[in-house]
Amino acid sequence: MISTKKSFQEVLKEHHYELKTNRPEIFQINLGYLCNQQCKHCHVDASPYRKEIMNKETLNTCLQKIDELQVQTVDLTGGAPEMNPNFLWLLDELAKRDLEIIIRSNLTILVEGKFKSYPEIFKQKKVRIISSLPCYTQENVDKQRGKGVYDKSISALKKLNELGYGKDKNLILDLVYNPGGASIAPDQSALELDYKKRLQEDFDIKFNQLFCITNLPIARFLDDLEKAGKALEYQQKLIDAFNPATLNNLMCRNTISVSYDGKVYDCDFNQMLKLPSKGIQKIEDINAENILQRTVLTGNHCFGCTAGGGSSCQGALT
Ligand code: SF4
Ligand code: SF4
C-alpha cells in the first residue's frame, strides 16, 4: 500500500465520517485465483499458474451463511470462477434459492473447450453476467488483457446475444470498463453511450449497462505503476479527486467478500491486501449479530473508490 501525507482514515475524520457496514446484501465469493488470462490490470494477480481454489467444504459453509443472512445477491468472482471444479454444482445449489446470481465472467473462457456450453447453462439459471471489456477497440483490450482477447470476447458477446443476453429483460449482460493506465474512470453514462454505439455499429452487439471501475493501486497494477515510476503520482491523483458524496454508497457498506480459503473481508481489494474484516476471521464465525455495523478496515487504496464519481464492482457510486 502506498503511504501518503494524509491517510484515508484522516480524510474520513475531517469529514466526520465513520465507515460502518449495513446489513449485507451482496455475498461475494472468490472461487479462486486460477484464470485463463493474466491481465495487466488484474487486482487479484490471477493467472493460469495460480493453484488457490475454493474447496467444496468451504462452498458448503458459504451456502449455509447465505441462507442464514438471507442475502439478496450472490456475486461469483475469481480468477475465472468457471474454472473452479465445483462451479456447476454451486450454480445448481444457488439456483434453488430465491436470489440474484452474478457471475463475473472474463468472456474468453466462454469460447474455450468445455466452457463453450456454459452460456446455455447461465441462461437456464437466469444468471446475470458482468464481464470486463476495458475498451471497444482491439488495440486497447489486447494491450491490457493479452493478444487475441478482444476477438474471443467479441465472439462470446455475440453468442450471449444470440441466447438473448443483453436483449431479454431476464438475461442481463453488463460490461466493465477500467482505464488503460494511471487515470480515473470517466463519466459512466457518457462512456456507456459510446460503447453502445460502437459495439452496435461494429458488431451488432447489445448489452445492458456499462460499469466504470477505477484501478486501485494494488497487486499487479501497482507493480506496473512502480515500474513506470508513476505510483505516487497516481495515488495523489486519487487523493485530489476525493469525493465525499461517494461515501454512503461504498460497496464495503453492503457487501461481504469471502476468499477461496474461507476468510472474510470487507471487500475484494482488502482481500488482496490481506486486511481481514474486523472481528470476523473465517466464514464459520459469521452470525446475525457480528455481521451488522462493523467498522470497515480502510487503507490508502480506498482513495481509488472515492475518486471522482466513485468506483465499485457495480461501477460508479454517484
Ligand atoms: S482481470 Fe479477470 S480475466 Fe484478467 S487475469 Fe484477472 S481475473 Fe483473470
Ligand atoms: S477499498 Fe473501497 S470497498 Fe474496500 S474498504 Fe476501501 S473504500 Fe471500502
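**Figure 1. Lys-143 lies in helix H5, residues 138-145.** The model is predicted: local features need pLDDT of at least 70, side-chain atom pairs count only at pLDDT 80 or more, and totals for chains, interfaces and linings use all residues. Residues are numbered from 1 along each chain as its sequence is written, while chains are lettered from A and ligands numbered from 1 in the order in which they are written. Helices (H or I, at least four residues) and strands (E, at least two) are DSSP runs, numbered from the N terminus. Lys-143 counts as partly exposed because it has 17 C-beta neighbours inside 10 Å. A residue is buried if 20 or more other C-beta atoms lie within 10 Å of its own, exposed if 12 or fewer, and partly exposed in between, with C-beta atoms placed from the backbone. Lys-143 is 16 residues from Lys-159 in sequence, and their C-alpha atoms are 24 Å apart in space.

**Figure 2. The buried residues of H5 are Val-141, Gln-144 and Arg-145.** They cover an arc of only 80 degrees around the axis, so they sit on the same side of H5. The arc is that of the directions from the helix axis to the C-beta atoms. Helix H6 (149-162) is included in what covers these buried residues. Contact here means C-beta atoms, placed from the backbone, within 7 Å. Gly-146 follows H5 and has a positive phi, near 115 degrees.

**Figure 3. Gly-78 and Gly-79 are joined by a cis peptide bond.** Its omega is about 20 degrees. Gly-79 belongs to the loop between strand S2 (73-77) and helix H3 (87-95). Most peptide bonds are trans, and most residues other than glycine have a negative phi.

**Figure 4. Lys-126 is not a glycine, yet its phi is positive, at about 50 degrees.** The loop that holds Lys-126 runs between helix H4 (118-124) and strand S4 (128-132). Lys-126 has 13 C-beta neighbours inside 10 Å and therefore counts as partly exposed.

**Figure 5. Ala-219, also not a glycine, has a positive phi of about 50 degrees.** Ala-219 is in helix H8, residues 219-227. Its 19 C-beta neighbours inside 10 Å are why Ala-219 counts as partly exposed.

**Figure 6. Ligand 1 has 13 residues around it.** Cys-35, Cys-39, Cys-42, Ala-46 and Asn-106 come nearest. A residue is near a molecule if its C-beta atom, placed from the backbone, lies within 6 Å of it. The shell divides into six nonpolar, six polar and one charged residue. Ala, Val, Leu, Ile, Met, Phe, Trp, Tyr, Cys and Pro count as nonpolar, Asp, Glu, Lys and Arg as charged, and the others, Gly among them, as polar.

**Figure 7. The shell around ligand 2 has eight nonpolar residues, three polar and one charged.** Cysteines in this shell include Cys-252, Cys-267, Cys-302 and Cys-305. Leu-250, Met-251, Asp-266, Phe-269, Asn-270, Val-296, Thr-298 and His-301 are also among the residues around ligand 2.

**Figure 8. The protein chain contains eleven helices and eight strands.** Its C-alpha atoms fill a box of roughly 50 × 45 × 35 Å along the principal axes. Buried residues account for 44% of the 318 residues. Among contacts between residues at least 6 apart in sequence, 73% join residues at least 24 apart.

Methods. Two residues are in contact if their C-beta atoms, placed from the backbone, lie within 7 Å.
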